[in-house]
Amino acid sequence: MKVAYWPGCVSRGFTPELHGSMAALAPKLDLELVELDRANCCGAGVIAEHNQELVDTLNARTFAMAQGVEDAAGMMNICSTCQGAQSECQERLDATGEYRDGINSNLSGEGLRYERDGQWWNKNLLWLLVEEIGLDTVRERVVRPLEGLRIAPFYGCYIVRPTRRLGFADHPERDQYLDQLIEALGAEPVEYAGARKCCGFPVITMNRTTSLRQAGRHLADAIDAGADCLVTPCPLCHLNLDLQQPDAEKYVERNDLGIPVLHLPQMVGLALGLEPKELGMNKHVVSTKAVVEKLAAAPAAA
Amino acid sequence: MADYTLKIRRFNPESGEAAYWEDFGVDLPPERSVLDGILQAKDREDASIGIRCSCRAAICGSCGVKINGKSRLACNTKIGDAASQAASKNSGAVVVEPMGNMPVLKDLIVDMDAVHWKKVQRVVPWLLPEGPPPDREYVVPAEAMIDVTQSMACIHCGACVSACLSLEVDPGFIGPAALAKAYRFVGDPRDGATEERLRDLAEDPHGIYDCTHCFACIEVCPKDVAPMSQIMRLRRRATADYEIKDRNNGYGHEQAFTSLVEKYGTLFEAQLLPRSLGDGSLVKGQLSPSGAKQLIPTLPTAARGLKSGKVSPRKALTHPKLPDQKQVRRIFKEIESKDERLELNLYIVGEEGAEEEGMAEGGLEA
């Protein structure tokens with residue numbers, strides 16, 4: 001399958017292991033990625049807070065570039081925050097022709113235009129894996145089942161709320177996909193309170209206490225529920241849960257945090273036979289060694 | 001008629017015992033409400049079940065509870081729908097609990113006074129007109145009142161307060177319902193204290209910049225008030241219209257983020273924090289006493305980023321511009337130089353081709 005691929009800013013910035021692991025995983029899934037290397041930041045909710053017309057124009061520009069990729073099935077992103085911010089703009093762009101024309105006129109200088117088309121989609125890798133590739137196909141390609149691993153799914157916010165904007169009417173199980181995928185890869189999904197709560201990242205600069213209390217609480221809940229690691233489809237969640245984890249500890253009065261947090265393509269890549277190093281698992285703040293060791297200790301797959 | 005099981009969270013402070021779960025069997029047609037179910041259990045099995053309710057028609061906002069973990073009105077949740085949602089878990093029982101983030105008074109009744117109403121009072125929820133009143137009524141442009149209708153639709157059920165993920169970790173947060181109410185007055189042209197209101201809410205460490213943008217309030221609101229969207233409008237007014245440089249770095253963060261994207265096309269992450277601490281300026285963020293004071297505690301984070309190999313020194317200091325960065329700059333310039341900010345509110349406009357129902361009608365013709 002060929003897709004227009006929007007990696008976002010953070011996967012090429014502070015979480016380069018995400019961008020790298022996606023590149024390594026794509027051939028395993030027969031995914032051809034046409035990277036939108038001229039597309040701009042989605043605004044992450046912040047430009048929307050600043051000026052709606054501006055953010056809608058910026059994302060219409062990205063959509064127009066994606067729609068221009070020949071034979072692409074659709075557009076794929078690997079960041080929940082991009083998904084949420086772009087879906088918000090798409091909802092407005094699709095709502096009325098008058099509004100869409102106005103936004104498109106801001107792009108006319110470059111001959112770009114976003115067309116409303118019921119068939120065209122922009123999906124996070126998680127949605128693409130379940131809805132386009134299919135869990136059966138994923139299951140067939142597993143060469144290293146993640147048996148014995150207890151994985152806590154961390155969905156975050158942008159990919160599960162608001163359900164009306166995010167297509168839950170057509171895909172009501174989108175808030176279960178991580179659990180389903182974890183099972184399909186042979187691991188055990190862990191139930192804990194924080195799975196669909198906020199990681200705290202959006203307020204790290206404005207209110208560090210609120211932010212790190214959120215991150216710390218979810219990490220502690222996952223540990224208490226017996227998880228070996230977390231997995232998230234959002235690099236911003238990853239920053240607060242992994243990069244900030246040593247600080248988050250203090251805000252929840254715990255001294256036993258230290259749980260690895262995987263990016264979605266890293267988890268899938270491990271099961272599909274990629275090596276931890278190819279997946280950049282050495283580039284985490286909280287060491288992923290325990291996960292790798294537990295996998296190595298498990299009986300080898302046929 | 002069908003049989004359902006309600007699993008109700010019980011708590012009676014006078015008993016001295018801890019809260020516990022109790023199952024009740026009810027029989028009702030699936031289209032009847034969870035509230036009808038609770039009232040049937042109360043009527044037939046245990047008259048002491050505590051539930052607050054009045055209109056039974058999603059108007060009064062009294063019967064806010066959590067159903068299968070989600071905050072909502074018991075009277076506009078069909079028991080059949082709730083049971084099918086619960087089918088995979090809890091062996092099919094519909095789980096009913098008191099709302100979150102507020103103390104429980106008894107069973108399903110929470111103390112709205114202690115939390116919700118206190119926070120509403122905090123935002124001065126009445127008009128503060130400027131100057132002497134006019135001889136006759138105030139004349140207000142229709143567009144201005146349409147703009148605040150969404151925040152006026154709130155019925156104070158507390159569902160958003162219950163679901164708020166910031167409140168969960170910071171009980172001091174003013175919260176979604178009260179901040180939506182604040183916009184109702186900030187957006188009202190008759191009010192004479194717009195700037196003071198915005199300054200107050202921007203400077204409060206538990207104000208508009210304490211919202212984590214999690215969409216929980218938008219998801220649960222039974223009246224589509226979209227409190228988080230109202231909070232974002234308050235931020236927009238505070239930064240763009242009044243340039244309120246708040247102590248929480250809200251203004252700085254927005255300025256830093258937008259100016260970095262304007263300059264580079266994608267986000268130059270390494271400069272986001274220092275610029276945020278300096279109202280958007282890199283120099284001010286690093287050299288001003290308040291910027292430096294806030295920057296120092298984040299140095300271990302930066303060190304961890306370098307050590308793990310996530311961030312190279314080069315990446316910390318430089319950032320490539322997009323190949324077509326001129327386009328992005330032109331878009332910024334053109335749109336930001338417009339006299340008026342264009343905002344499309346789907347609550348008012350509705351979706352093209354969608355059936356007009358209740359709240360979503362009208363608006364665009366104006």
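Residues are classed here by relative accessible area, with buried meaning under 20%, exposed over 50% and partly exposed in between (1.4 Å probe, protein chains only). The structure is a predicted model, in which local features need pLDDT of at least 70, side-chain atom pairs count only at pLDDT 80 or more, and totals for chains, interfaces and linings use all residues. Residues are numbered from 1 along each chain as its sequence is written, chains are lettered from A and ligands numbered from 1 in the order in which they are written, and side-chain values use heavy atoms, with hydrogens and water left out.

Chain B contains 18 helices and seven strands; helices (H or I, at least four residues) and strands (E, at least two) are DSSP runs, numbered from the N terminus. Its C-alpha atoms fill a box of roughly 70 × 65 × 45 Å, taken along the principal axes. Of the 366 residues in chain B, 51% are buried. Contact is defined as heavy atoms within 4.5 Å. Among contacts in chain B between residues at least 6 apart in sequence, 63% join residues at least 24 apart.

Two packed helices are described by the angle between their axes and the distance between the axes. In chain B, the axes of helix H7 (residues 176-186) and helix H8 (residues 194-203) come within 10 Å and cross at roughly 155 degrees. H7(B) is therefore roughly antiparallel to H8(B). The axes are lines fitted to C-alpha atoms, for helices over the stretch in contact, and angles run from 0 to 180 degrees between N-to-C directions; those under 35 degrees count as roughly parallel, over 145 as roughly antiparallel, 65 to 115 as roughly perpendicular and the rest as oblique. The crossing of H7(B) and H8(B) is left-handed, a term used if the near helix is turned anticlockwise from the far one by less than a right angle. H7(B) contributes B:Leu179, B:Ala182, B:Phe185 and B:Val186 to the contact, and H8(B) contributes B:Thr194, B:Arg197, B:Leu198 and B:Leu201. By class, the contact of H7(B) with H8(B) has six nonpolar residues, one polar and one charged; Ala, Val, Leu, Ile, Met, Phe, Trp, Tyr, Cys and Pro count as nonpolar, Asp, Glu, Lys and Arg as charged, and the others, Gly among them, as polar.

Further along chain B, helix H12 (residues 269-276) holds B:Gln271. B:Gln271 counts as buried because its relative accessibility is 12%. The side chain of B:Gln271 makes a polar contact of 2.8 Å with the side chain of B:Arg275. A polar contact is a pair of N or O atoms within 3.5 Å; within protein, one must be able to donate a hydrogen and the other to accept it, and residues adjacent in sequence count only if both atoms are side-chain atoms. When residues up to four places away in sequence are not counted, B:Gln271 touches B:Leu260 and B:Leu282. B:Asp279 lies in the loop between H12 and helix H13 (282-287) of chain B. The relative accessibility of B:Asp279 is 21%, so this residue counts as partly exposed.

Backbone geometry was also examined. Most residues other than glycine have a negative phi, and most peptide bonds are trans. B:Asp279, although not a glycine, has a positive phi of about 55 degrees. B:Arg56, also not a glycine, has a positive phi of about 60 degrees. This arginine, B:Arg56, lies in the loop between helix H1 (34-44) and strand E3 (64-67) of chain B, and counts as exposed because its relative accessibility is 51%. In chain A, a cis peptide bond with omega of about -10 degrees joins A:Arg161 and A:Pro162. A:Pro162 is located in the loop between strand E5 (150-153) and helix H8 (177-184) of chain A.

Strand E2 (residues 32-35) of chain A includes A:Glu35, which is partly exposed at a relative accessible area of 30%. Leaving aside neighbours within four places in sequence, A:Glu35 is in contact with A:Tyr5, A:Pro7, A:Arg12 and A:His19. The side chains of A:Glu35 and A:His19 are joined by a polar contact of 3.2 Å. A:Leu33 is also found in strand E2 of chain A and is partly exposed, with a relative accessible area of 24%. Residues touched by A:Leu33, not counting those up to four places away in sequence, are A:Val3, A:Tyr5, A:Met22, A:Ala26 and A:Met76.

B:Arg304 is buried, with a relative accessible area of 15%.
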